[in-house]
Amino acid sequence: NDIKTVSLSDSHGVIIFNDGSAYGFGDDRHFCIGTSNREILKTPQKISFGPKNSIFDSVICGDLYSLYLTCDGILIYCRSEFKKKNKKKKQKSDSDEKTKPEAVYKEQQIFLDSKPIYISGGWEAPVAIGSDGDFYIFDSNPKLQPKKVHLPSNEKVVDVCRCDTEEYQFVAVVSENGLV
């Protein structure tokens with residue numbers, strides 16, 4: 001089966017084949033790939049979500065996430081979340097240890113105002129283009145809805161990229177008339 005696309009980060013990667021199957025490899029201890037086990041995958045492991053196996057169109061891998069686009073226009077965002085454990089009432093025998101966050105692993109289906117047709121991303125989080133020509137900027141928190149951006153010129157966006165560095169962040173888009 002031929003490879004359709006590959007996306008790599010510094011710690012993990014995903015391969016999508018022409019038949020829509022996806023295989024992940026690398027570090028999935030923080031649910032960056034979305035497999036059922038929290039481990040380092042030394043050999044590629046098949047990726048599937050939900051009761052039926054998803055047919056994947058594309059994927060983008062960032063530092064601690066992967067965003068999948070299925071052929072039927074569903075976005076699946078995989079990234080660990082951290083929730084604070086419930087604090088117990090302090091007893092005399094309890095120490096003054098701080099409460100450590102507990103990781104929660106669950107893929108998030110993301111719904112946009114229009115069918116997603118293209119995904120890209122940066123180090124921190126992904127971006128997407130909808131069929132309406134608007135683009136969406138994701139937060140690093142998969143529970144937050146992506147910010148929808150409509151160009152003031154009413155032109156449709158045909159390409160998007162995101163840059164995340166310690167000094168600055170930006171999103172660049174190309175409109176249907178070739179403007180950046």
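A residue is called buried when its relative accessible area is under 20%. Asp134 has a relative accessibility of 5%, so Asp134 counts as buried. This is a predicted model.

Start with the partner of Asp134. The side chains of Asp134 and Lys148 meet in a salt bridge, 3.4 Å from N to O. Asp134 sits in the loop between strands E12 and E13, while Lys148 belongs to strand E14, so the bridge ties together parts 14 residues apart in sequence. Lys148 is partly exposed, at 38%. Salt bridges with shared partners join Asp113, Asp132, Asp134 and Lys148 into one network.

The structure has eight salt bridges. Another of them pairs Asp57 with Lys4, with the closest N and O atoms 2.6 Å apart. It links strand E5 to strand E1, across 53 residues. Asp57 is partly exposed at 27%, and Lys4 is partly exposed at 39%. Asp28 and Arg38 also form a salt bridge, at 2.9 Å. Both lie in the loop between E3 and E4. Asp28 is buried at 0%, whereas Arg38 is partly exposed at 29%.

Strand E1 also holds Ile3. Together with Val6 and Leu8, Ile3 makes a nonpolar surface patch of about 280 Å².

Now the cysteines. There are zero disulfides. Cys163 is in none, and the nearest cysteine sulfur, that of Cys161, is 7.9 Å away.

How confident is the prediction? The mean pLDDT is 87, and 86% of the residues score at least 70. Over residues 83-98, pLDDT stays under 50. Where pLDDT is low, the predicted coordinates should not be read in detail.

Methods. Residues numbered from 1 in each chain as written. Predicted model: local features only at pLDDT ≥ 70, side-chain atom pairs only at ≥ 80, totals over all residues. Heavy atoms only, no water. Disulfide = S-S within 2.5 Å. pLDDT = per-residue confidence, 0-100. Contact = heavy atoms within 4.5 Å. Patch = residues over 30% accessible without salt bridge, like charges linked within 9 Å, V, L, I, M, F, W, Y side chains within 5 Å. Areas by Shrake-Rupley, 256 points an atom, 1.4 Å probe, with all protein chains shown as cover. Salt bridge = Lys/Arg side-chain N within 4 Å of Asp/Glu carboxyl O. Helix = DSSP H or I, 4+ residues; strand = E, 2+ residues; numbered from the N terminus. Buried < 20%, exposed > 50% of the residue type's maximum accessible area, 1.4 Å probe, protein only.
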